[in-house]
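User: I have not looked at this one before. Can you walk me through it?

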Amino acid sequence: MDAFAGSPEMQRDLHEMQRTVHRIRRIDVTLAPEEIRTTVEAAERIRTGTLIKITKIRERLD
């Protein structure tokens, strides 16, 4: 397992996204805008980290 996928930050961000998706599926009316913002920020960190890893893998393959 690479360092990014196993990092505490990645695990925290994934947990944040899963928690919010679960609440949205249940149509949780108590979901505050700040909580949605936190989830969007977590998703952006995951996206950025994933793009960095993909770039590094491509560089190694070239």
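User: Let's start with Arg12. Is it buried or exposed, or something in between?

Analyst: Arg12 is partly exposed, at a relative accessible area of 48%. Buried means under 20% relative accessible area, exposed means over 50%, and partly exposed is in between, with a 1.4 Å probe and protein chains only. Bear in mind that this is a predicted model: local features need pLDDT of at least 70 and side-chain atom pairs count only at pLDDT 80 or more, while totals for chains, interfaces and linings use all residues. Residues are numbered from 1 along each chain as its sequence is written, and side-chain values use heavy atoms, with hydrogens and water left out.

User: Which helix does Arg12 lie in?

Analyst: Arg12 is part of helix H2. Helices (H or I, at least four residues) and strands (E, at least two) are DSSP runs, numbered from the N terminus.

User: How many helices and strands are there?

Analyst: The protein has 3 helices and 0 strands. Read from the N terminus, the order of elements is α-α-α.

User: Back to Arg12. What does Asp13 form with it?

Analyst: Asp13 and Arg12 form a salt bridge, with 3.4 Å between the closest N and O atoms. A salt bridge is a side-chain nitrogen of Lys or Arg within 4 Å of a carboxyl oxygen of Asp or Glu.

User: Why would side chains pair like that?

Analyst: Side chains of opposite charge can pair when their charged atoms come close.

User: Is Asp13 buried or exposed?

Analyst: Asp13 counts as buried, because its relative accessibility is 4%.

User: Where does Arg45 come into this?

Analyst: Arg45 also forms a salt bridge with Asp13, and there the closest N and O atoms are 2.7 Å apart. Asp13 is in helix H2 and Arg45 in helix H3, so this pair ties together parts that are 32 residues apart in sequence. Arg45 is partly exposed, at 38% relative accessibility. Arg12, Asp13 and Arg45 are linked in a network of salt bridges.

User: How many salt bridges does a search of the whole structure find?

Analyst: The search finds 6 salt bridges. One of them joins Glu34 and Arg37, with the closest N and O atoms 2.3 Å apart.

User: How far apart are Glu34 and Arg37 in helix H3?

Analyst: They are 3 residues apart in helix H3, so about one helical turn separates Glu34 from Arg37. Glu34 is partly exposed, with a relative accessible area of 46%, and Arg37 is partly exposed at 43%.

User: New topic. At what angle do H2 and H3 pack?

Analyst: Helix H2 (residues 8–25) and helix H3 (residues 33–61) pack at an angle of about 135°, and their axes are 9 Å apart. Axes are lines fitted to C-alpha atoms, for helices over the stretch in contact, and angles run from 0 to 180 degrees between N-to-C directions. H2 and H3 are therefore oblique to each other. Angles under 35 degrees count as roughly parallel, over 145 as roughly antiparallel, 65 to 115 as roughly perpendicular, and the rest as oblique.

User: Which residues make the contact?

Analyst: On the H2 side they include Met10, Leu14, Met17 and Arg23. On the H3 side, Thr38, Ala43 and Ile46 are among them. Contact means heavy atoms within 4.5 Å.

User: How do the residues of that contact divide into nonpolar, polar and charged?

Analyst: The contact of H2 with H3 has 6 nonpolar, 3 polar and 7 charged residues. Ala, Val, Leu, Ile, Met, Phe, Trp, Tyr, Cys and Pro count as nonpolar, Asp, Glu, Lys and Arg as charged, and the others, Gly among them, as polar.

User: What does Glu16 touch?

Analyst: Leaving out residues up to four places away in sequence, Glu16 touches Glu35, Thr38, Thr39 and Ala42. Glu16 is found in helix H2 and is buried, with a relative accessible area of 13%.

User: And Val40, buried or exposed?

Analyst: Val40 counts as exposed, at 52% relative accessibility. Val40 is in helix H3.

User: Last one. What share of the 62 residues is buried?

Analyst: Buried residues make up 19% of the 62 residues in the protein.
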